[in-house]
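Have a look at the chain below, and then we will walk through its packing, its rings and its charges.

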Amino acid sequence: MTDDRAATRDRLLVLRADASTEGGTGHMMRTLALAQAWLAAGGRASWLVAEAPASLLERIEREGIEVVRITPPAGGPDDAALVREALARHPDGVAAVDGLQFGGAFLDGLRDTAGRVLLIDDKADRPAYPVGYLLNQNAHADRTAYPADATCRFLLGTRFVLLRREFVGDPPPRTARETARNLLVTFGGADPTGMTARTVAALRLLPEAIRGAIEVRVVVGAANADGPRIEAGLADPHLGYLARLERAVDDMHARMAWADLAITSGGSTVWELARTGCPALVVETVPVERLLVSGLTRVGLFGRLGPEAELDARFMADEIAAKAEDMAWRATMSALGMRLVDGRGARRVVDALAGRNDLDEEQA
């Protein structure tokens with residue numbers, strides 16, 4: 001991995017991603033990881049944002065990133081025009097765009113600046129990809145899923161996972177306990193399907209021997225509107241286990257390093273868990289996560305609980321109890337996750353945007 005900053009020094013990275021109660025915060029958080037790596041390489045960053053929680057925007061500004069609030073309908077040609085204009089003012093600048101709303105109208109609107117744009121993608125469902133770079137960091141990523149005539153540079157697979165700086169260093173030492181004691185419940189920044197509250201309820205059905213020994217940390221994201229109901233559930237004197245609610249956490253790395261087992265959704269959080277060696281049971285909370293979790297199944301990483309609409313509390317409790325008592329499975333998942341995700345993906349993407357051409361030859 002090169003440490004040379006010459007190719008990025010003082011160059012502008014324009015970022016375009018939003019966060020909301022419906023769409024979650026995952027697109028912004030992984031774009032933040034890219035921005036951090038770009039800044040660390042000596043560049044500058046400006047973020048065009050139409051919607052996001054105030055706490056997340058404050059966090060972005062603390063990173064030294066300029067935040068520009070925009071008003072056009074997200075994903076439309078007027079939105080693309082703002083990216084295009086920013087790049088026109090900075091001839092050596094590049095842009096990164098992340099979100100399901102950025103479809104054909106947006107991409108066509110980039111016009112002559114499209115070659116300097118990175119599109120972060122999960123689904124491979126757009127009819128065309130008229131951009132310079134395409135990133136799909138997931139285990140299911142496959143060049144054959146994209147149009148054969150696409151000319152963009154493809155950055156595919158877990159070698160390019162975007163992780164924030166706290167996940168870049170060596171993962172903490174981890175030894176699997178005979179029975180998992182520390183449980184982490186985290187369903188992203190928004191949790192639109194209410195899986196956090198459902199998991200809190202399911203844990204009440206664990207066998208008494210497990211329930212009485214566990215400590216549970218429940219992390220509620222910045223865009224989660226269900227916080228008061230979750231807090232009330234955890235305050236129930238008859239809950240049956242020790243639990244703590246944490247809101248809008250900045251240091252997820254520390255919580256994942258603490259946990260013996262996590263219950264989570266199938267978004268970008270799984271790669272953070274993988275890097276920290278934290279085994280996980282994964283719920284598909286939105287349609288795109290079926291595709292993402294299929295990639296986990298392909299590489300044998302983590303346990304699949306299934307689509308949220310098909311889950312009941314008894315099934316969840318039984319699966320959590322089984323994995324809590326399966327030390328060998330947890331040790332295997334921990335080692336596999338750390339092997340699949342080395343924490344250098346964001347820097348590899350920065351190198352690609354800076355023009356480095358030997359990434360395919362580099363050993364992960």
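Let's start with W271: setting aside neighbours within four places in sequence, W271 is in contact with Q137, N138, A139, T158, V161, L163, L296, L301 and V341. Together with F302, W271 has the most contacts inside the largest nonpolar core, which holds 57 residues. Please keep in mind that this is a predicted model.

**Nonpolar cores**

- As general background, nonpolar side chains in soluble globular proteins tend to be buried together.

**A buried serine and its surroundings**

- S46 belongs to strand β2, residues 44–49.
- With a relative accessibility of 8%, S46 counts as buried, because the cut-off for buried is under 20%.
- Which side chain does the side chain of S46 meet in a polar contact? The partner is the side chain of E66, at 2.8 Å.
- Not counting residues up to four places away in sequence, S46 touches L12, L13, V14, L15, I65, E66 and V68.

**Backbone angles worth a look**

- Most residues other than glycine have a negative phi.
- A124 is not a glycine, yet its phi is positive, at about 55°.
- You will find A124 in the loop between β5 (117–120) and β6 (133–136).
- D191, also a residue other than glycine, has a positive phi near 55°.
- D191 sits in the loop between β8 (182–186) and α5 (195–202).
- Is D191 buried or exposed? D191 is buried, with a relative accessible area of 6%.

**Aromatic rings**

- Across the whole structure, a search finds three aromatic pairs.
- In the pair of F102 and F106, the ring centres are 4.7 Å apart and the planes meet at 55°, so this pair is tilted.
- F102 and F106 are both buried.
- In the pair of Y129 and Y146, the centres lie 5.1 Å apart and the planes are at 75°, so the arrangement is edge-to-face.
- This tyrosine pair links distant parts of the chain, 17 residues apart: Y129 is in the loop between β5 and β6, and Y146 is in the loop between β6 and β7 (153–156).
- Y129 and Y146 are each buried.
- Which residues make up the aromatic cluster that includes Y129? Y129, Y146 and F154 form it.

**Charges over rings**

- R217 places its charged end over the ring of W258, at 4.1 Å from the ring centre.
- K323 has its charged end over the ring of W329, 5.1 Å from the centre of that ring.

**Salt bridges**

- How many salt bridges does the structure hold? There are 28.
- As a general point, side chains of opposite charge can pair when their charged atoms come close.
- D125 and K123 form a salt bridge, with the closest N and O atoms 3.5 Å apart.
- D125 is partly exposed, at 47% relative accessibility, and K123 is partly exposed too, with a relative accessible area of 35%.
- R181 and E215 form another salt bridge, their closest N and O atoms being 3.8 Å apart.
- R181 lies in the loop between β7 and β8, whereas E215 is in strand β9 (residues 215–220), so the bridge ties together parts that are 34 residues apart in sequence.
- R181 counts as partly exposed at 36% relative accessibility, while E215 counts as buried at 18%.
- R348 and D342 meet through their side chains in a salt bridge, at 2.7 Å from N to O.
- Buried or exposed: what are R348 and D342? R348 and D342 are both buried.
- Salt bridges with shared partners join R59, R62, R164, E166, D250 and E272 into one network.

How values were computed: Residues numbered from 1 in each chain as written. Predicted model: local features only at pLDDT ≥ 70, side-chain atom pairs only at ≥ 80, totals over all residues. Heavy atoms only, no water. Core = buried A, V, L, I, M, F, W, Y, C linked by side-chain atoms within 4.5 Å. Buried < 20%, exposed > 50% of the residue type's maximum accessible area, 1.4 Å probe, protein only. Contact = heavy atoms within 4.5 Å. Helix = DSSP H or I, 4+ residues; strand = E, 2+ residues; numbered from the N terminus. Phe/Tyr/Trp six-rings, centres within 6.5 Å; stacked < 30°, edge-to-face > 60°. Lys NZ or Arg CZ within 6 Å of the ring centre and 35° of its normal. Salt bridge = Lys/Arg side-chain N within 4 Å of Asp/Glu carboxyl O. Polar contact = N/O pair within 3.5 Å; in protein donor to acceptor, adjacent residues only side chain to side chain.
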